[in-house]
Amino acid sequence: IGNTVLHILVLQPNKTFACHMYSLILSYDRNKEGPGSLELIPNNEGLTPFKLAGVEGNTVMFQYLMQKRKQNLWSFGPLTTVLYDITEIDSWAEDQSFLELIVSTKKREARQILDLTPVKELVSLKWNMYGRPYFCFLALFYILYMVCFTMCCVYRPLKPRTDNRTSSRDNTVYVQKMLQESYVAYEDELRLVGELITVIGAVVILVLEIPDILRVGAAKYFGQTILGGPFHIIVITYACMILVTMVMRLTSTTGEVVPMSFALVLGWCNVMYFARGFQMLGPFTIMIQKMIFGDLMRFCWLMAVVILGFASAFYIIFQTENPENLGQFYNYPMSLFTTFELFLTIIDGPANYDVDLPFMYSVVYFAFAIIATLLMLNLLIAMMGDTHWRVAHEQDELWRAQVFFFPLVPTVVATTVMLERKLPRCLWPRSGICGREFGLGDRWYLRIEDRVDPNKHKMLRYTEAFKAQDRDNYDKGSEKLETNGDTLCKKELSALSLSRSTSRTSSHRGWEILRRNT
């Protein structure tokens with residue numbers, strides 16, 4: 001019951017009352033430091049009160065709980081060293097990472113916790129010590145891997161075509177070699193090494209991605225933009241295309257160019273994933289993702305309907321015409337492709353003035369130009385402009401969730417959690433200090449040095465002194481007004497003028513003290 005009440009208090013809108021009640025309930029807890037403490041019991045979703053405060057974006061409760069868990073190590077003048085308990089914050093030994101919960105939640109208030117101590121310092125420490133070097137190394141390694149795969153595709157085994165052409169439009173010169181002919185020369189052996197590296201890389205990608213899908217769930221894993229959802233889809237599809245290409249090569253099946261082309265496009269597009277770690281390119285990846293999965297996905301349905309209708313009309317119009325004079329609509333697939341190019345104004349309207357074109361072609365093309373080019377393309381531009389305006393206000397916040405930056409120091413929160421989960425423990429030691437060194441048990445702490453500005457505290461003391469003097473003067477004037485009831489009006493005016501003059505004198509004296517100290 002006590003644990004349930006603690007979880008309810010975290011969700012209370014009256015945060016001051018919730019903090020007092022939280023402290024009151026914990027004062028009756030007999031196992032404050034043990035494993036059976038009320039603060040350590042999770043709810044049905046696996047969240048302790050501390051994690052729930054982070055997920056809900058309750059910054060007041062989060063700071064209150066952090067203040068309860070901190071230990072002052074030493075203090076010397078304006079410098080204070082504090083040990084913050086990061087046991088539940090650090091994702092090193094947590095199945096449900098606090099940082100991952102923060103960046104994956106849909107509440108914008110939760111991302112403000114990334115600005116608070118000690119979360120800000122912990123993420124900065126992780127990124128600077130291990131995250132950034134490993135991330136840059138992985139980016140360089142992936143680019144080299146894609147160059148290797150691209151070279152294997154460019155120099156794939158081909159041989160001249162031996163059979164005769166059956167159509168005047170057949171333009172094929174080379175065909176794919178059989179498996180027995182593909183690995184004969186020395187150049188083929190070098191290509192084989194690159195192909196083996198490519199296949200091993202695809203298998204490693206699937207081995208690393210599938211456990212996370214099973215742990216988090218496909219909907220959350222692929223649906224969260226901050227966690228890199230679209231890039232996970234891209235890289236898994238790329239790995240599958242590599243394996244399909246390998247099977248087609250081993251079975252000597254023609255048509256390996258189809259999965260190979262998809263793999264090349266997806267593999268190089270995945271390089272944008274590594275752009276998230278850089279302040280110059282990170283916000284643009286957020287913008288591209290929002291536009292693709294927001295405006296373009298909806299617009300493509302309308303575009304498909306328009307292209308399908310007009311392409312069918314163009315094909316019917318030119319079905320009785322000689323394809324040699326105007327071959328853009330000689331069959332239905334080519335009509336669809338030509339209409340798509342016309343829609344995006346990639347090509348001009350096809351016309352041959354040496355022959356008579358059908359009258360309906362001019363009518364249909366006129367309607368197509370009005371609807372597609374004039375109306376729908378401008379509608380798409382307006383939709384993207386509106387999305388850009390909306391996302392521009394929160395792109396920094398979204399990027400700070402996946403790219404948490406300080407002055408000149410970019411830090412990737414989501415990527416840091418990903419690297420920490422997938423790299424071996426020997427390459428990523430635990431951050432912080434074990435509490436045993438200070439007699440604080442098995443919990444882990446982060447040492448942070450706070451420097452207090454003495455001038456700021458002087459200003460606060462002087463301000464409080466001025467307020468106290470004005471308050472005393474006002475109280476004295478009020479007492480005089482109460483004791484002399486007969487001459488109320490006169491005394492009231494004299495007391496008010498006295499309080500004003502005294503307040504002005506005390507304020508003047510206070511500002512003189514401030515000027516001298518400055």
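Visitor: Which residues in helix 15 are buried?
Guide: V413, A414, T415, T416, V417, L419 and E420 are. Keep in mind that this is a predicted model.

Visitor: What makes helix 15 mostly covered?
Guide: A residue is called buried under 20% relative accessible area. In helix 15, residues 413-422, seven of the ten residues are buried.

Visitor: How much of the protein is buried?
Guide: Buried residues make up 39% of its 518 residues. The protein exposes about 30,100 Å², and carbon and sulfur atoms supply 63% of that area.

Visitor: What elements does the protein have?
Guide: There are 17 helices and six strands. Strand 2, residues 79-85, is mostly covered, with seven of its seven residues buried.

Visitor: How do you know that both faces of strand 2 are covered?
Guide: In a regular strand, side chains alternate between the two faces of the sheet. L79, T81, L83 and D85 lie on one side of strand 2. T80, V82 and Y84 lie on the other. All of these residues are buried, on both sides.

Visitor: How do you know that strand 1 and strand 2 pair?
Guide: Pairing takes at least two bridges. Five bridges join strand 1, residues 71-76, to strand 2. The two strands therefore count as a pair. They run antiparallel, and S75 stands opposite T80. Two residues sit between the strands of this hairpin, where G77 takes a positive phi near 60°.

Visitor: What about strand 2 and strand 6, and how many bridges do they have?
Guide: Seven bridges, again against a cut-off of at least two. So strand 2 also pairs with strand 6, residues 444-451, in the antiparallel sense. L446 in strand 6 is the bridge partner of Y84.

Visitor: Where does UniProt place the feature "transmembrane region"?
Guide: The unreviewed UniProt entry lists residues 134-158, 192-210, 231-251, 257-275, 296-317 and 359-381.

Visitor: What does the chain form over residues 192-210?
Guide: That stretch is 100% helix and 0% strand, and its end C-alpha atoms are 27 Å apart. Residues 359-381 are also 100% helix and 0% strand, with end C-alpha atoms 32 Å apart.

Visitor: How many disulfides does the structure have?
Guide: A search of the whole structure finds zero. Take C153, whose nearest cysteine sulfur, that of C152, is 6.8 Å away. A disulfide needs the two sulfur atoms within 2.5 Å. C153 is therefore in no disulfide.

Visitor: Why does C153 count as buried?
Guide: Because its relative accessibility is 9%, and the cut-off is under 20%.

Visitor: And why is C240 called partly exposed?
Guide: Its relative accessible area is 33%. Buried is under 20% and exposed is over 50%. C240 falls in between, so it is partly exposed.

Visitor: What is the mean pLDDT of the protein?
Guide: It is 75, and 74% of the residues reach 70 or more. Among the elements, helix 11, residues 257-269, has the highest mean pLDDT, 93. Helix 17, residues 488-517, has the lowest, 52.

Visitor: Where does pLDDT stay under 50?
Guide: Over residues 480-504, for one, where the model has ten contacts beyond four places in sequence. Residues 401-411 also stay under 50, and there the model has 47 such contacts. Where pLDDT is low, the predicted coordinates should not be read in detail.

Notes:
Residues are numbered from 1 along each chain as its sequence is written. This is a predicted model: local features need pLDDT of at least 70, side-chain atom pairs count only at pLDDT 80 or more; totals for chains, interfaces and linings use all residues. Side-chain values use heavy atoms; hydrogens and water are left out. pLDDT is the predictor's confidence in each residue, from 0 to 100. Helices (H or I, at least four residues) and strands (E, at least two) are DSSP runs, numbered from the N terminus. Contact means heavy atoms within 4.5 Å. Buried means under 20% relative accessible area, exposed over 50%, partly exposed in between (1.4 Å probe, protein chains only). Accessible areas come from the Shrake-Rupley method with a 1.4 Å probe; for residues, only the protein chains shown count as cover. UniProt positions are given in the numbering used here, feature names are shortened, and annotations may be inferred rather than shown by experiment.
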